[in-house]
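Visitor: Could you take me through one part of this model with care? I would like a close look at a pair of packed helices, and then at whatever else can be said about the surroundings and the pockets.

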Amino acid sequence: MEEERLCLSNKLKGIRIRTFDDIRVKILKTYNSKVSVAKSVRKKGLVKYLIRIERIHDYLMNDFYRNIELLPKYDELHQFYKDLIAMSCMGNRYSDVIGKIIGYKSVIRKLTREYSERIRLSFDVPEARKLSREYVGRVLSVFRRLRKDLECLKEVVNELRKLPCIIMSEPKIVVAGMPQVGKSTFVSRISSAKPEISPFPFTTKEIIVGHLEVNYRRIQVIDTPGILDRPLNELNPIERKALVALKNLPDSIIFIVDPYEGSYYSLDRQITLLRNLLTTFNEWRAKMLVAINKIDIVGKKRLELVAKAVKSVFKGEVYYMSALNGVGVKEVLDAAIRLAEGYP
Ligand code: GDP
C-alpha cells in the first residue's frame, strides 16, 4: 500500500485543479450564500460582508491553493513525466506556471486584508456591500489572468492521473516489436494481475502495464501499441514525442520478433524497426535483448535464418520462446530482469 503511493498517478488522484470558471462559480456561490449573525453582534450589516469575503478567502487558501501546492515539483518528476509534460500545452513552463499561480497568493492575501479593513471602517451597509463586490471583482480579475494557465494545468494533471501506476524505483521492462509478434500475449502471460490499460497521455494511443512479482520484487512490463511497434518514419509528430518520453522509461527492453514466414510483417520490416530503435536510442543497446517468439510453429532452419538476420544488426543476447505455450518465457523474463538490474 505504501508503495502504491509512490507513483505519480496515485499522487495526482487526490488533486483537483480549478479553472477560472470553477473559481468564478464557487466564489459567486460563496458570496451569495446565506450568512447569519447573532443578534447581539454590533454592526451586523457590515459583519455579514466581512464574513463573505473571509469565506471566499478560505476557499481560495484551503481548497484552490492547497491543491496547487500538492502538485509535485518539476525537479522531483521522473524524466518520463517531464517529457510527457513537454508534449502538452504546458511545454517547458510547468515550474513557471505553478510559480506564477503561487505568486498570486500574496496578492489575494493583501486584497483580503485591505478590503476587510475598509469594510470594517465603512460608514454604512451600502458602502460595505459596494466594497465587498469590488473585492470579488478584483479577486476574479487576478484569476482571469491565470485562465489559460489553469486550463492547461488541469488538462496536464488529468492526463497524467489516468496513467497506470508506474513505480519508477522498481524495474520497468518495455516490450517492443512490430504488431502481431506476440507482445500482448507475452505481457499477459507473465503478469500476475490483469494488465492495466490506459490512454498514453496527450496521444490517441494506449499504454499497457502488467505487474508481476519475482522473488518478492515488483516488476512492471510495459507495452505501447502504435508507438514502439512501427517504423519511426511512420510516426506523426505527437507519436514521435511519445517515443522521446519512452526513451528514459525502460530499465530493460525486450524486442520481440515473429519468425513465422507468413508473419503479419516481413522479417525485413521487423529487422528495420530493430535497427531504427538501436540507432535512435543508442543507450538501449546495453539494455536490450531480442526474443524470437512463436517457436511452436517455426522449424529449426527458419529460426537459424531469423537469428542470423537479428544478429546482423544486434550484438546482444538472443532468446527463443513461445509466449503462447510458455516455453522459454521465464528465461526471457529472468534475462530482462538481470539487464534491468544492471547485470548483463
Ligand atoms: P502484439 O500485436 O505484438 O501484441 O501480438 P499479440 O500478442 O496480439 O499476438 C498476435 C497473434 O500471435 C495472436 O493471434 C497470438 O495468439 C499469436 N501468438 C502470440 N504468441 C504466439 C506464440 O508464441 N505462438 C503462436 N503460435 N502464436 C502466438
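Guide: What follows begins with a helix pair and then turns to one residue and to the pockets. The model is a predicted one. Two packed helices are described by the angle between their axes and by the distance between those axes. Helix 5, which covers residues 94–120, packs against helix 6, residues 125–144, at an angle of about 175°, and their axes lie 10 Å apart. Because angles over 145 degrees count as roughly antiparallel, helix 5 is roughly antiparallel to helix 6. On the side of helix 5 the contact includes Tyr 104, Val 107, Ile 108 and Leu 111, and on the side of helix 6 it includes Ala 128, Leu 131, Tyr 135 and Phe 143. By class, the residues of this contact divide into 12 nonpolar, 2 polar and 4 charged.

Elsewhere, helix 7, residues 147–161, contains Glu 155, which is partly exposed with a relative accessible area of 41%. Leaving aside residues up to four places away in sequence, Glu 155 touches Cys 89 and Phe 202. Between Glu 155 and Ile 101 there are 16 Å in space, C-alpha to C-alpha, and the two are 54 residues apart in sequence.

As for the pockets, the largest holds about 290 Å³ of space, and of the 17 residues that line this pocket, those closest to its centre are Gln 180, Val 181, Gly 182, Lys 183 and Thr 185. Helix 8, residues 183–190, gives the largest share of that lining, 3 residues, and the lining has 6 nonpolar, 6 polar and 5 charged residues.

How values were computed. Residues are numbered from 1 along each chain as its sequence is written. This is a predicted model: local features need pLDDT of at least 70, side-chain atom pairs count only at pLDDT 80 or more; totals for chains, interfaces and linings use all residues. Side-chain values use heavy atoms; hydrogens and water are left out. Axes are lines fitted to C-alpha atoms, for helices over the stretch in contact, and angles run from 0 to 180 degrees between N-to-C directions. Helices (H or I, at least four residues) and strands (E, at least two) are DSSP runs, numbered from the N terminus. Angles under 35 degrees count as roughly parallel, over 145 as roughly antiparallel, 65 to 115 as roughly perpendicular and the rest as oblique. Contact means heavy atoms within 4.5 Å. Ala, Val, Leu, Ile, Met, Phe, Trp, Tyr, Cys and Pro count as nonpolar, Asp, Glu, Lys and Arg as charged, and the others, Gly among them, as polar. Buried means under 20% relative accessible area, exposed over 50%, partly exposed in between (1.4 Å probe, protein chains only). On a 1 Å grid over the protein atoms alone, a cavity is a set of points where a 1.4 Å probe fits but cannot get out, and a pocket is an open set with protein on both sides within 12 Å along at least five of seven lines; lining residues have an atom within 4 Å of a point. Grid points are joined across faces, edges and corners, and a volume is the space filled by probe spheres set on the points.
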